[in-house]
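Subject: Structure for your review

Dear colleague,

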Amino acid sequence: MVQITKEMTIGQILDVDLDLAGVLMSGGMFCVGCPSSQGESLEEAALVHGIDADLLLEKLNAYLREKA
């Protein structure tokens, strides 16, 4: 199973599983379709949007564990 990290770009995260877009959006990151977000790391995007990157990271990895 792939583990999501804060260093991964939004594009890389979506390449792991497109359904992670829903997890990102439910965490307040509504920019998943924005071209610039594809090159931003999860940590950078979270900082820009005032989101706790660690909490979002936990939700992303929990989703993948549950899906596996």
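Is D19 buried, partly exposed or exposed? With a relative accessibility of 43%, D19 counts as partly exposed; buried means under 20% relative accessible area, exposed over 50%, and partly exposed in between (1.4 Å probe, protein chains only).

This is a predicted model, in which local features need pLDDT of at least 70 and side-chain atom pairs count only at pLDDT 80 or more, while totals for chains, interfaces and linings use all residues. Residues are numbered from 1 along each chain as its sequence is written, and side-chain values use heavy atoms, with hydrogens and water left out.

Four salt bridges were counted, each defined as a side-chain nitrogen of Lys or Arg within 4 Å of a carboxyl oxygen of Asp or Glu. One of them joins the side chains of K6 and D54 at 2.9 Å, N to O. Because K6 lies in the segment before α1 (10–16) and D54 in helix α4 (residues 53–67), this pair ties together parts that are 48 residues apart in sequence. Helices here are DSSP runs (H or I, at least four residues), numbered from the N terminus. D54 is partly exposed, at 45% relative accessibility. K6, D54 and E43 are linked in a network of salt bridges.

K67 forms a salt bridge with D17 at 2.7 Å, N to O. K67 belongs to helix α4 and D17 to the loop between α1 and α2 (20–26), so the pair connects parts 50 residues apart in sequence. D17 is buried, at 12% relative accessibility, whereas K67 is partly exposed, at 44%. The side chain of K67 also meets that of D19 in a salt bridge (3.1 Å, N to O).

Yours sincerely

Definitions and conventions
Helices (H or I, at least four residues) and strands (E, at least two) are DSSP runs, numbered from the N terminus.
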